[in-house]
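User: I have a model open and want to go through its packing. Can you take my questions one at a time?

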Amino acid sequence: MLKTAVIHPTILEALARSGHFAQVVIADGNLPVGAMTGPNSTTVHLNFRPGLLDAVTVLEGLMEICPFQGAIVMEKPAEANADIHLAYKKILGDVTWDEMERWAFYDKIKEPATTLIIQTGEQRRFANLILIVGVVKMAEESGF
């Protein structure tokens with residue numbers, strides 16, 4: 001039996017084969033994930049209905065089982081609301097944060113480094129998030 005709260009077998013398998021610098025994507029309900037699939041990515045559909053499961057819930061679960069060192073979101077137009085980015089930053093804590101132009105962001109998802117795409121039922125705009133897998137640091141390595 002697993003002790004982690006996340007028990008989805010496909011997510012656990014994809015994370016287990018994801019090494020340092022692998023990319024994990026949390027996709028909102030509008031991202032055309034079929035067109036974003038790269039050569040090494042596995043897609044998991046958790047979008048049961050609009051709003052379920054939401055992207056923040058998925059991020060919180062992933063944080064329990066995998067270290068992340070970076071995050072990338074899509075740049076939003078100046079007039080658009082992307083409050084979800086603030087929620088992501090709060091959950092992620094001290095990670096490298098970057099924003100990319102829309103089409104460059106889509107190309108980034110398609111890279112061979114993407115090992116997992118999780119489509120959620122998230123309805124907020126600009127909720128797509130690319131996470132960069134970090135490393136598990138040993139106690140004596142905490143200085144770098």
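User: What do the buried residues of H5 pack against?
Analyst: The buried residues of H5 pack against E1, helix H2 (33-36), E3, strand E4 (96-100), E5 and E6. Helices (H or I, at least four residues) and strands (E, at least two) are DSSP runs, numbered from the N terminus. Contact means heavy atoms within 4.5 Å. Note that this is a predicted model: local features need pLDDT of at least 70, side-chain atom pairs count only at pLDDT 80 or more, and totals for chains, interfaces and linings use all residues. Residues are numbered from 1 along each chain as its sequence is written, and side-chain values use heavy atoms, with hydrogens and water left out.

User: Which residues of helix H5 are buried?
Analyst: In H5 (residues 102-109), Phe105, Tyr106, Lys108 and Ile109 are buried. Buried means under 20% relative accessible area, exposed over 50%, and partly exposed in between (1.4 Å probe, protein chains only). These four cover an arc of only 155° around the axis, which puts them on the same side of H5. The arc is that of the directions from the helix axis to the C-beta atoms.

User: And H1, which residues are buried there?
Analyst: Ile11, Ala14 and Leu15 are the buried residues of H1. They cover an arc of only 100° around the axis, so they sit on the same side of H1. Pro9 and Ala16, on the other side of H1, are exposed.

User: Why would residues three or four places apart point the same way?
Analyst: An α-helix has 3.6 residues a turn, so residues at that spacing point the same way.

User: What covers the buried residues of H1?
Analyst: The cover includes E1, strand E2 (42-45), H3 and E5.

User: On to the core. Which residues touch the most other members of the largest nonpolar core?
Analyst: Ile11, Leu62, Tyr88 and Leu131 do, out of 28 residues in that core. A nonpolar core is a set of buried Ala, Val, Leu, Ile, Met, Phe, Trp, Tyr and Cys residues joined through side-chain atoms within 4.5 Å. At least two residues of this core come from each of helix H1 (9-16), strand E1 (23-27), helix H3 (55-63), strand E3 (68-74), helix H4 (83-92), strand E5 (114-119) and strand E6 (129-133). H3 gives the most, with 5 residues.

User: What does leucine 131 touch?
Analyst: Not counting residues up to four places away in sequence, leucine 131 touches Ala22, Gln23, Val24, Ile26, Leu59, Leu62, Phe68, Gly70, Ala71 and Leu92. There is also a second, separate core of 17 residues, which includes Val33, Met36, Ala82 and Ile132.

User: At what angle do H3 and H4 pack?
Analyst: About 15°, with their axes 10 Å apart. Axes are lines fitted to C-alpha atoms, for helices over the stretch in contact, and angles run from 0 to 180 degrees between N-to-C directions. H3 and H4 are therefore roughly parallel to each other; angles under 35 degrees count as roughly parallel.

User: Which residues meet there?
Analyst: From H3, Ala55, Val56, Leu59, Glu60 and Met63 meet Ile84, Ala87, Tyr88, Ile91 and Leu92 in H4.

User: Is histidine 85 buried or exposed?
Analyst: Histidine 85 counts as buried, because its relative accessibility is 7%. This residue is in helix H4. Leaving aside neighbours within four places in sequence, histidine 85 is in contact with Val73, Met74, Trp97 and Phe126.

User: What is phi for phenylalanine 126?
Analyst: Phenylalanine 126 has a positive phi of about 60°, although it is not a glycine. Phenylalanine 126 lies in the loop between E5 and E6 and counts as buried at 11% relative accessibility. Phenylalanine 21 also has a positive phi, near 80°, and its place is in the loop between H1 and E1. Most residues other than glycine have a negative phi, and most peptide bonds are trans.

User: Which residues does a cis peptide bond join?
Analyst: Leucine 52 and leucine 53, with omega about -25°.

User: What is leucine 52 in contact with?
Analyst: Leaving aside its neighbours within four places in sequence, leucine 52 is in contact with Leu46, Asn47 and Gly121. At 36% relative accessibility, leucine 52 counts as partly exposed.

Note on methods
Angles under 35 degrees count as roughly parallel, over 145 as roughly antiparallel, 65 to 115 as roughly perpendicular and the rest as oblique.
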